[in-house]
Each structure stands twice: as C-alpha cells, then as structure tokens.
Amino acid sequence: MSDRPRVLVKEKIADSGVDLLREQFDVELGLDMDDAELAERIGEFDAILIRSATKLTPELIGRADNMKVIGRAGTGVDNVDMPAATKRGIIVANAPESNSVAAAEHTLALALALFRNVPQAHGSLVAGRWDRAKYKGSELYGKTLGVIGFGRIGQLVAKRAQSFEMEVLAFDKFVSAERFRELGVEGVESVDELYRRADLLTIHLPKTPETVNWIDADAIAKFKPGMRIVNCARGELIDLEALIAGLDSGQVRGAALDVFPDEPFTEHPIFQREDVVVTPHLGASTAEAQDRAGTDTAEQVIAALTGGVVTNAVNIPAVSPAVMEALAPYVPLCQTLGQVAAGLAAGPVDRLEVEFRGSVAEQDSRLLGIAVQAGLLSGHTEEDVNLVNAPQMAEERGLEASVSKEPTAEEFTDLIRVTVHAGGETVSVAGTNVGPRNLPYLVSIWGQSFYLPFAEHMAVFRYTDRPGMIGRVGSLFGEEGVNIGSAAVGAEADGDRAVMVVTADAPVSARTIDAIRQLDGFDAGYAIEL
C-alpha cells in the first residue's frame, strides 16, 4: 500500500483540481459513495473535498481519525460542523473568491431580464404568440441602483452597473467614505435613504439572525414606488409573503430571485407571477467558477498536507504553532471586542484603532489586530469572515486600522482597547482576560469602567445618572419576559452621564431596546449578540 496521503474527492470538482491532487496524493473519487459508506470509510482519508451536498456532521467528523483538512469547493461552509472539526485539529478551507464574478454577473443578468421581460417574452414566443407590445421593457441607463452590502460581490455589481451608466448608491456601515469615493459610488448613511432613492435594489448580505427577512413589509413600505429588487445572495433575506403583497400593491414593480428560504424550492405562489423572474440558484454555476472552486480548494488541501500556508483556512489561522500558542488566549477577547464595537457603532465605520497595553504589547500583535477586524466584520459581510481573510475584506472596504502599544496597563496585567470611528462618533471598548482559563471580561465602554464577563446576549444603555434608572430597565425587561443575568454601571466621577451593561438569558428584542430608549433620560440603547 502507498504511504502517500489519501484524499477523498466526494463531490464533482474540476478535472484540473483532481489532477493537481494526484500529483502528490492517492486520490479516490467517491462521487457515488452513499452516507453509510462514507461513515464507514471516512477514517481512511487524510483529506476530503466536498461541495454543498455532503454534510460533515460531528458524528462523521468523529470517525475521521486521520483527517487533517476538509476542502469546501465553494464559499459557504454551513455543511461542515466547524466546532467539531476545530476540536479535532482539522483545518477547514474554502474557495471564497471563486464565484464572486459569477454571482455579480448573474445579478446583472437577472436585472436585465427583469427590466426587459426576457423570460416572459421568450415563453410567449415559443408558445406561438407575438406579444411585442405586451412586453415593452425599461432601460437600466439613467436608473439608480441601490446595493445593500458592499463587499466583494457588491462592489463587482456596482462596477458593472456603472458600465450601463447607472447611478449607484450603497449601504454598508463597514465601508469607509473614502472607499466609496474611490469606486465612484455614493455611500448612504441609512438603508432608508437607499430605499427612498433607488429604482433597482440588489442585496448582498450574509444570513444572520439580524438579516433574516431584512426585506419585510416595513422595508417595502419605505421603497420608492415601483422599485424592482434582485436577490442572488441568501433566500432568507426576503420575506416572500411581504414581497407578494408589495407586488400586488404596486409598491414593488418586479423581483428577480435566484435563492430561496429552503432549497430545492419548487412550489410557491411567487412562481405564478409574471412580474417575477426566478432561477434555481445559478449564481455560482458557471464553468469558470466551478473550475476555480475546484482548483483553488485543491491548492488549499495540498498546502495543508505538505506543511504550506493555508491562506483560505476558515477555522485555523495561518501562523506558526509557537506564535499561536502565545496569542491564542487573546484571540477570543479581540474578536469579542470587535463584535461589541460594531454593535455600538451608529453609522458607517471609517477607522479602527486597536491599543495593546501590558505584557500582550510585547507580542507580535498582528494576529490580534486581525482578530479584531474579524469580530468587527462578522455577520456584516456576504462572505464568511475569518482570521485569514479579514484583512483583505477590511482593505476592500477601505477600513483603515492602526495599532499602538504601551508596556503598562495600569490596573490590569493586559488590556486591549478597540476604538471605532463611525458616523461622526467614536466608540471605545476595552477588555482583559481573567483567571487561569483566560475568560474575556469587559472593563470599559465609552470611557466608563466595568468588570463583568461577556455573555451571549447583552444590552448597553447610555443615560443621565439619577436614581431609579436601573430599576426602570429591570422592569421593562421583566415585562418583555427576559431575565437579567447580571448588570453593571459605569458612571463619571464628577459628571451626570452613566453607561449600563446588562446580560440576559435570551436575545434582547428591538422592541425592548426601543421602549427603554424612549424613557426620559436615556440617550442610546443597543442589543449585542455574541
């Protein structure tokens, strides 16, 4: 038997990718392997390449005794149990840029089909009718495109729309004003402004609890009358029932959808409408994108099995073991501080500052700065963010980052402070690690001092410091049926302003936050989900 590493190609990838793997490894094509056989044999392989159909569950990964790398030929890794892979030390790598051009081109293809009634006219003509007058269309020229989510794909869509001489507006709170200017795009302060001005809307967001049903009845009510909308990102971003109601009322003139809440998705009233264009998730389905996905993923697997740098690792950063061992305790803290700072940012983020104090300042802190960027962008980009691609994604958004170090941290052995400049305001958050298990603790927001562990569900309020304010927050939480786990208050020694941080046993709803913000004396309130 060969002593070369064994690689299982479980789903179809480009022949060029398979050829690359065969140069160095024993490769088995398991395209017809069923779930039972996979479970029985997965322990034989050092690497596996999959697409979207194969589900690598904790049970399967638990049987992968020799597995060193999982290659996902595509962008998403939802079908891989990341904690299970990470626990076993298995690198998970994907091909995040392989389908960007394909997705952007399909977005414009659907926009053109929508404006020019291409599929409806095609269906009519092949059915023997010459309905030339019925399918008179509209031009993209001179129209205003609104782009929600201005990452790699959103930017490619904008560039292509400009070739049609469209005016392009974009909303993304993590793209700087300078980056918008570089691309000749107008960055708007709020999504409501985009809704009010755009003739065509395209959405490029990830699926998160905050983005599910992003386009709902409330959003549609704010649309410029006669808006058209294209979705090639995630099916869950649009409430289909609200979309149908908007089409019926005329508020929405047409929609083009490539993605759906559940797939395959073949039965729904949306398919009966002539003002809707649909395709079966074809955004990444070009020969070129499929080839790139296969070869890119094969290269990542080769790097992982030969000691190279896995540039697209989703769960394990490309750093030496020695550096990682020293910095590992700080990575979760930095990611959490980035998430909290993002949650408190009121507008588009222009600049990021990271300050390291104490013994952590003596380390090579580049990885920790990346961890802050990953936390800041997490859940706000269509692409998955990790410790490898966060700098590139920040650069694409023109997000400036600066790092400073101080050898002392006053009250703490180590202190990490993250400052975000967003929408003309500045948000500063600081934290430290506590105890032998290095538990991340929050120690400051907006300059006010705290000392409490981070929690999955948190809320932050800024208000006038006077008696009874804590009780009012507690009462409203109780009315909403949310239990408070802990609360801490930081107040100015000689001022009248205070900041309260509350942890909860469940997500804090926007309704609860709004109710508290409307109380006399409260200036701001934010729900933070970690």
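This briefing covers aromatic pairs, salt bridges and a charged surface patch. The model is predicted. A search of the whole structure finds 25 salt bridges, and the structure holds nine aromatic pairs.

**Aromatic pairs**
- Phe150 and Phe180 form a tilted pair, because their ring centres lie 5.3 Å apart and their planes stand at 35°.
- This pair links distant parts of the chain, 30 residues apart: Phe150 sits in the loop between strand 6 (144–148) and helix 7 (152–163), and Phe180 in helix 8 (residues 177–182).
- Phe150 and Phe180 are both buried.
- One aromatic cluster is made up of Phe260, Phe265 and Phe271.

**Salt bridges**
- Lys12 and Asp15 form a salt bridge with 3.3 Å between the closest N and O atoms, and both residues are exposed.
- In the salt bridge of Arg273 with Asp275, the closest N and O atoms are 2.9 Å apart. Arg273 is partly exposed at a relative accessible area of 21%, and Asp275 is partly exposed at 23%.
- Arg351 forms a salt bridge with Glu353, where the closest N and O atoms are 3.3 Å apart. The relative accessible area of Arg351 is 33%, so Arg351 is partly exposed; Glu353, at 28%, is also partly exposed.

**Surface charge**
- A patch of negative charge on the surface gathers Glu178, Glu189, Asp350 and Glu400.
- Asp350, one of the residues in this patch, lies in strand 13 (residues 349–358).
- Asp350 counts as partly exposed because its relative accessible area is 32%.

Note on methods:
Residues are numbered from 1 along each chain as its sequence is written. This is a predicted model: local features need pLDDT of at least 70, side-chain atom pairs count only at pLDDT 80 or more; totals for chains, interfaces and linings use all residues. Side-chain values use heavy atoms; hydrogens and water are left out. Patches are made of residues with over 30% relative accessible area and no salt bridge: like charges are joined within 9 Å, nonpolar side chains (Val, Leu, Ile, Met, Phe, Trp, Tyr) within 5 Å. Accessible areas come from the Shrake-Rupley method with a 1.4 Å probe; for residues, only the protein chains shown count as cover. A salt bridge is a side-chain nitrogen of Lys or Arg within 4 Å of a carboxyl oxygen of Asp or Glu. Lys and Arg count as positive and Asp and Glu as negative; His and the chain ends are not counted. The place of a charge is taken as NZ of Lys, CZ of Arg, CG of Asp or CD of Glu. Helices (H or I, at least four residues) and strands (E, at least two) are DSSP runs, numbered from the N terminus. Buried means under 20% relative accessible area, exposed over 50%, partly exposed in between (1.4 Å probe, protein chains only). Rings of Phe, Tyr and Trp (its six-membered ring) pair if their centres lie within 6.5 Å; planes under 30 degrees apart count as stacked, over 60 as edge-to-face and the rest as tilted.
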